[in-house]
Amino acid sequence: MSESKSNAGLSVFALKCAVNGERTEREICSSRSLIEFIRGDLGLKGTKEGCGEGECGACMVLVDGKAVNSCLMMAVQLHGKELVTIEGIKGKGGGLHPLQKSFMTEGAVQCGFCTPGLIVASEALLRRNPGATLEDIKLELTGNLCRCTGYEKVLSAVEKARGK
Ligand code: FES
Ligand code: FES
């Protein structure tokens with residue numbers, strides 16, 4: 001990662017990473033958070049910013065397959081890594097992912113603000129533990145807050161998508 005100084009004296013980095021399966025290279029300010037990079041620079045608005053301090057999970061994305069709160073990570077930390085946002089979570093053939101289908105059929109979405117983060121967290125769990133139990137799912141989703149749907153339908157949706 002090469003670093004230089006902008007006219008304003010800020011450090012600028014040449015960031016190389018993969019975003020939803022495509023290699024990309026961007027110049028970014030060292031103080032840019034990952035969520036600012038995703039929504040502002042990449043224009044991927046599916047990732048939401050709720051609390052901005054690691055409490056709600058609305059901003060969750062996958063970095064090298066691990067669910068992280070993008071409001072707590074700096075964009076430069078993405079260098080050399082693979083980012084997957086909600087836009088990159090797809091089913092076979094590019095259609096809806098099984099989690100997206102089951103969230104719809106189980107009625108697990110109301111306003112939808114928390115949904116990208118819940119799906120990202122669930123995807124991270126099911127990738128590393130395809131046979132996750134209800135308790136595993138509950139534990140994984142403790143960092144994702146939903147203020148309208150309630151969690152029963154979300155848990156049912158993740159259970160339904162398990163193994164698909
Ligand atoms: S916006 Fe990142 S955890 Fe709430
Ligand atoms: S569906 Fe509205 S916050 Fe979860």
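Contact means heavy atoms within 4.5 Å. The model is predicted: local features need pLDDT of at least 70, side-chain atom pairs count only at pLDDT 80 or more, and totals for chains, interfaces and linings use all residues. Residues are numbered from 1 along each chain as its sequence is written.

**View 1. Residues where H2 meets H3.** Leu99, Gln100 and Phe103 are the H2 side of this contact. Facing them in H3 are Thr115, Leu118, Ile119, Ser122, Glu123 and Leu126. By class, the contact has 5 nonpolar, 3 polar and 1 charged residues (nonpolar: Ala, Val, Leu, Ile, Met, Phe, Trp, Tyr, Cys and Pro; charged: Asp, Glu, Lys and Arg; polar: the others, Gly among them).

**View 2. Packing geometry of H2 and H3.** H2 spans residues 98–105 and H3 spans residues 115–128 (helices are DSSP runs of H or I, at least four residues, numbered from the N terminus). Their axes lie 10 Å apart at an angle of about 130° (axes are lines fitted to C-alpha atoms over the stretch in contact; angles run from 0 to 180 degrees between N-to-C directions). H2 is therefore oblique to H3 (under 35 degrees is roughly parallel, over 145 roughly antiparallel, 65 to 115 roughly perpendicular, the rest oblique). The crossing is right-handed (the near helix is turned clockwise from the far one by less than a right angle).

**View 3. Domain 1 against domain 2.** Domain 1 covers 3–88 and domain 2 covers 92–161 (bounds come from an automatic or database domain assignment). Their C-alpha centres lie 23 Å apart. In contact are 14 residues of domain 1 and 13 residues of domain 2.

**View 4. Area buried between the domains.** About 1,100 Å² is buried, 68% of it from carbon and sulfur atoms (accessible area, 1.4 Å probe, that two parts lose on being put together, summed over both). Met60, Leu62 and Ile86 supply 42% of the area that domain 1 buries against domain 2, more than any other three residues.

Methods: Chains are lettered from A and ligands numbered from 1 in the order in which they are written. Side-chain values use heavy atoms; hydrogens and water are left out. Helices (H or I, at least four residues) and strands (E, at least two) are DSSP runs, numbered from the N terminus.
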